[in-house]
Amino acid sequence: MKLTLKHKRLIVLGVDLGLIICFLILYFLTPALMDFLPDCILRTLGLPCLGCGGTRCLNAFVHLEFFDSFMLHPFAFISILLAIYLMVVTHLAWVFGIKKVQKYFDTLMHPAYSFSYLGLFIVFAILRVTRILPTP
């Protein structure tokens, strides 16, 4: 099924509204107020966790503390930047219908980019598990 421009715009609008709500919650809900979240089971067992620091990384990013965000979780920081980049390209291609960007968007959906991202995650996982990259 091919999506029409109207459907693409509705999808982007829904994602935008969801992200705005999430960012507002993260902006006003500091990590100190998130005591209701359970402790990481891997961290309590003394094992390195691949996701530890991700929520604090996103919170620091929302508060424009980019260096702290990167130091808390480098892979999450890169993922946030990639997500922002893809959202800008999606807006230009789908919402505004710019044809040059549409071709660029189609190129970005090539599987090689997904596998490159997966490879970057595997490198991050190896560094985190071998404790070369410490858990914050």
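A crossing is left-handed if the near helix is turned anticlockwise from the far one by less than a right angle, and right-handed if clockwise. The views below show a predicted model.

**View 1. The crossing of helices α1 and α5 is left-handed.** Helix α1 spans residues 5-28 and helix α5 residues 74-95. Their axes lie 9 Å apart and meet at an angle of about 150°. Because angles over 145 degrees count as roughly antiparallel, α1 and α5 are roughly antiparallel to each other.

**View 2. Residues in the contact of α1 with α5.** From α1 the contact takes Leu 5, Lys 8, Arg 9, Ile 11, Val 12, Val 15, Asp 16 and Leu 19. From α5 it takes Met 87, Thr 90, His 91, Trp 94 and Val 95. Eight residues of this contact are nonpolar, two are polar and three are charged.

**View 3. Helix α1 and its buried residues.** The 24 residues of α1 reach 35 Å from the first C-alpha to the last, close to the 34 Å expected at 1.5 Å a residue. Lys 8, Val 12, Asp 16 and Leu 26 of this helix are buried. Their cover includes α3 (54-62), α5 and α6 (99-108).

**View 4. His 73 in the loop between α4 (66-72) and α5.** The relative accessible area of His 73 is 5%; buried means under 20%, so His 73 is buried. Leaving aside residues up to four places away in sequence, His 73 touches Leu 50, Gly 51, Cys 52, Gly 53, Gly 54, Cys 57, Phe 124 and Arg 128.

Technical notes
Residues are numbered from 1 along each chain as its sequence is written. This is a predicted model: local features need pLDDT of at least 70, side-chain atom pairs count only at pLDDT 80 or more; totals for chains, interfaces and linings use all residues. Side-chain values use heavy atoms; hydrogens and water are left out. Axes are lines fitted to C-alpha atoms, for helices over the stretch in contact, and angles run from 0 to 180 degrees between N-to-C directions. Helices (H or I, at least four residues) and strands (E, at least two) are DSSP runs, numbered from the N terminus. Angles under 35 degrees count as roughly parallel, over 145 as roughly antiparallel, 65 to 115 as roughly perpendicular and the rest as oblique. Contact means heavy atoms within 4.5 Å. Ala, Val, Leu, Ile, Met, Phe, Trp, Tyr, Cys and Pro count as nonpolar, Asp, Glu, Lys and Arg as charged, and the others, Gly among them, as polar. The expected span of a helix is 1.5 Å times one less than its number of residues. Buried means under 20% relative accessible area, exposed over 50%, partly exposed in between (1.4 Å probe, protein chains only).
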